Structure formats: structure tokens, C-alpha cells
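Below is a short briefing on one protein chain. It is meant to be read beside the sequence and the coordinates.

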Amino acid sequence: MNNTFKELKNFLSKRNGVKKIFVITGYKSYNLSGAKKIIGPLLKKFQVKFFFKKEYFPTLQEAKLIIAEIKKFQPNLIIAVGGGCVLDYSKISNFLTFSNNLENEIKKGSYSSKNKYCRLIAIPTTAGSGAEVTANSVIYIKKEKYSVEDKNIKPDFFFLIPELILKNSKIIKKSAGFDAISQAVESLFSLKSNSSSVNFAKKSLKLSLNNFLGHLNNPTKYNSIKMLMASNLAGKAISISKTTSPHALSYPFSSNFNISHGHAVSLTFNNCLKFNFVNIQKSNSDFNLLKRYEILFKYTHTQNIEELDKFFINLKKNSGLETNYEKLKINIVKHADKILSEVNHQRLRNNPVKMSPKNLKSILINQKE
Ligand SMILES: [Fe+2]
């Protein structure tokens with residue numbers, strides 16, 4: 001396999017013209033994951049400056065601090081070691097330049113920079129989003145979620161080091177792992193999917209479905225690297241196809257109720273899966289949607305939509321992902337309209353079947369798990 005620790009070691013030992021390295025990480029990502037022990041020694045011969053992020057979600061306020069630090073330190077290389085938030089920060093701050101009007105530029109999608117500051121290495125410490133290979137980055141401006149998208153935002157290199165995700169808590173692993181699974185499934189159904197994205201999604205699902213529960217309950221170096229590869233492949237799949245309805249509906253759960261990303265995606269995952277199947281005749285796709293479901297039947301060893309639904313209900317139960325709104329202390333009837341007003345329409349447009357507001361409400365509320 002490429003992109004291993006050995007190759008990171010090789011890359012840094014050759015120096016590649018690098019003198020100054022700016023490391024973006026989190027205190028937990030760097031110390032508890034073991035990165036300090038594993039990656040730390042490789043950095044000794046360079047001039048290194050660390051930025052430890054503090055926020056849980058990537059905020060523009062903290063991103064501005066990082067942009068200013070980068071400008072001051074003038075590195076030749078940035079290394080990001082962490083989960084989704086750290087990777088988003090590194091991608092954004094290596095791409096955007098400081099401007100007093102940054103808020104509006106992000107809101108309008110007209111950024112001051114179209115080039116990278118320097119080369120960026122991404123080293124994920126969770127197996128989920130595949131952010132190390134995607135060309136977009138999430139950023140929150142006053143609790144509102146925005147996406148910065150540009151081909152130049154994508155990291156130049158990534159390295160997958162299984163030791164760094166071995167010690168992740170079960171809470172992180174179940175949410176991140178389900179994100180990878182959902183991204184691959186959504187990619188299969190997306191209107192923007194093509195033969196390459198389908199191939200990436202298939203490879204990803206084969207790995208994630210075989211290793212997700214093992215990685216949760218009996219983590220080994222083997223199932224950890226398989227889950228890292230599954231997220232990486234799902235990231236490559238959605239880079240082409242983007243995500244669909246479960247992601248579109250997930251963001252309000254994260255911003256209003258602090259539900260972690262993959263967990264939030266899992267809440268409406270089954271209802272979206274069933275809705276698209278029941279309305280298969282209304283699909284707007286230029287591909288045969290039934291054939292995409294057949295891929296899922298094959299990988300989950302199921303025969304029909306009822307069995308497929310049960311498969312994912314059991315997967316969520318066995319991984320400990322709570323989907324019951326009451327148990328999550330979410331009064332869904334009371335908050336449905338607010339959640340629906342915050343749905344991401346850009347993602348929703350990729351869903352193979354058009355969802356009316358009435359459809360969305362019933363997908364959101366009628367939960368039989
Ligand atoms: Fe995701």
C-alpha cells in the first residue's frame with residue numbers, strides 16, 4: 001500500500017527543500033493519538049511551529065488566527081495531524097488569505113486567494129470523513145455552516161497511519177465510521193456519480209462493512225488501516241459525486257443539538273434509503289437506480305429493501321449509534337420546521353429523487369427503528 005508511515009519518513013528525510021514546517025493539530029489529536037511519539041521524532045531536524053486548535057467545530061475566528069500565524073512563520077510545508085476539524089482548518093488556512101472582508105467572501109464564494117500558500121500534508125487521526133482527499137472544507141461563521149470549495153484546497157499528500165486511530169474512543173469511531181459508510185452509499189445514489197465514483201464507493205463499502213464493528217469492539221492495526229482506507233476511498237467517491245439527502249439533513253442536528261457529524265447523518269439514513277427505493281420510478285438519474293441498490297444488496301448480503309433496512313438498523317444498534325430522538329432528548333415534532341429550514345439544499349439537489357418539503361418532514365419525523 002502507498003501513503004504509509006514509511007513513505008512519510010522517506011518524504012521528510014529527503015527534505016524536498018523544506019526548512020520550516022507549520023503543524024496544525026489538536027492537543028488530543030497530537031498527544032493521545034500517539035502522533036507526538038510517532039511523528040514527533042521526524043520533525044526534529046526542521047524548524048517547527050505548532051498550532052493547537054481549541055474549537056470543536058472549525059470556526060472562521062480560529063481559522064483567521066491560523067492564517068495570521070502562517071503568514072508570520074512563513075513555512076515551506078504545513079502538516080495537519082487530526083480529525084475533520086483540524087484537516088478543515090489546514091485546508092482553509094493554506095488557501096485563504098487574510099482580508100477584512102473574509103466573512104462576505106466565504107458567504108458569496110468569492111475568495112481572495114486561488115492559490116495555495118505552500119504544500120500541505122494531511123494525516124488523519126480519525127477514520128471517517130476522508131477530508132484528506134476532498135476539495136472542500138467546512139467553516140462555521142457565527143454558528144452557520146459554510147463550505148469553501150476549490151480544487152486548490154485539496155491537500156497535496158496524505159499518509160494513513162493506523163496506529164494513530166487505534167486509541168480513538170468508541171464515540172469517535174462509531175460516528176466517524178458511519179460517516180464513511182454513509183458517504184459511500186450516498187455517493188452510489190448521487191446524481192453526480194459516474195463510473196469512477198461508483199468504483200471508489202464500492203471499494204470503500206467492501207472495506208468498511210467488513211471492518212466497522214471489529215474496529216469498534218476489537219481494534220487492531222489491521223481493521224484500523226482498513227477503516228482508514230475505507231474513509232479515504234469514500235472521500236474520493238464524494239469528491240466526484242458529492243453527498244445527498246442524509247448529509248443534507250444532518251447539519252442542523254450538529255449545529256443545534258451538538259450531535260457529532262456521522263451520528264447526525266445516521267439519523268435519517270434509513271428513511272432516505274427507503275424513500276429513494278419506494279420512488280425509484282421517479283428517479284431523475286441518468287443511471288439505473290435499481291442497479292445501484294443491487295450493489296448494496298450484494299455487499300450487505302441482503303435480497304430486498306426490507307432486509308437492507310434491517311441490515312443498517314442492526315449495524316447502527318450494534319455500533320451503539322442511538323437514533324431514537326426521545327433518547328437523544330430531541331423533541332423532533334417541535335423542532336422539525338427549524339431543522340427543515342436549515343437543510344443543505346446544495347446536497348439535497350444530488351438526491352436521485354426530488355424530495356418535497358412534505359417528503360422531508362415525513363423522512364425526518366417518521367422514525368421506526
Ligand atoms: Fe460526512
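The points below cover domains, sheet, hairpin and core, in that order. The model is predicted. The domain assignment divides the protein into domain 1 (5-163) and domain 2 (169-365). An open sheet of 5 strands is present, with parallel pairing, and the largest nonpolar core has 91 residues.

**Domains**

- The centres of domain 1 and domain 2, taken over C-alpha atoms, are 26 Å apart.
- Contacts between the two involve 17 residues of domain 1 and 23 residues of domain 2.
- On the side of domain 1 that touches domain 2, 7 residues are nonpolar, 6 are polar and 4 are charged.

- Strand 2 (47-53) and strand 7 (157-158) are the edge strands, each pairing on one side only.
- Strand 1 (residues 20-26) is joined to strand 2 by 7 bridges in the parallel sense.
- Within this part of the sheet, K53 of strand 2 is the residue that G26 stands opposite.

**Hairpin**

- Strand 5 (residues 136-141) and strand 6 (residues 144-149) are paired in the antiparallel sense, over 6 bridges.
- I141 has E144 in strand 6 as its bridge partner.
- The hairpin formed by strand 5 and strand 6 has 2 residues between the strands, and K142 takes a positive phi near 45 degrees there.

**Nonpolar core**

- In soluble globular proteins, nonpolar side chains tend to be buried together.
- I24, I79, A80, V81 and A184 are the residues with the most contacts inside the largest nonpolar core.
- Helix 10 (residues 221-241) supplies the largest share of this core, with 9 residues.
- Both domains contribute to the core: at least three residues come from each of domain 1 (5-163) and domain 2 (169-365).
- Which residues is A80 in contact with, leaving aside its neighbours within four places in sequence? They are I24, V86, L87, S90, L120, A122 and I123.
- Of these partners of A80, I24 is itself among the residues with the most contacts inside the core.

Technical notes
Residues numbered from 1 in each chain as written. Predicted model: local features only at pLDDT ≥ 70, side-chain atom pairs only at ≥ 80, totals over all residues. Pairing = 2+ DSSP bridges. Helix = DSSP H or I, 4+ residues; strand = E, 2+ residues; numbered from the N terminus. Core = buried A, V, L, I, M, F, W, Y, C linked by C-beta atoms within 7 Å. Buried ≥ 20, exposed ≤ 12 C-beta atoms within 10 Å, placed from the backbone. Domains from an automatic or database assignment. Contact = placed C-beta atoms within 7 Å. Nonpolar A, V, L, I, M, F, W, Y, C, P; charged D, E, K, R; others polar.
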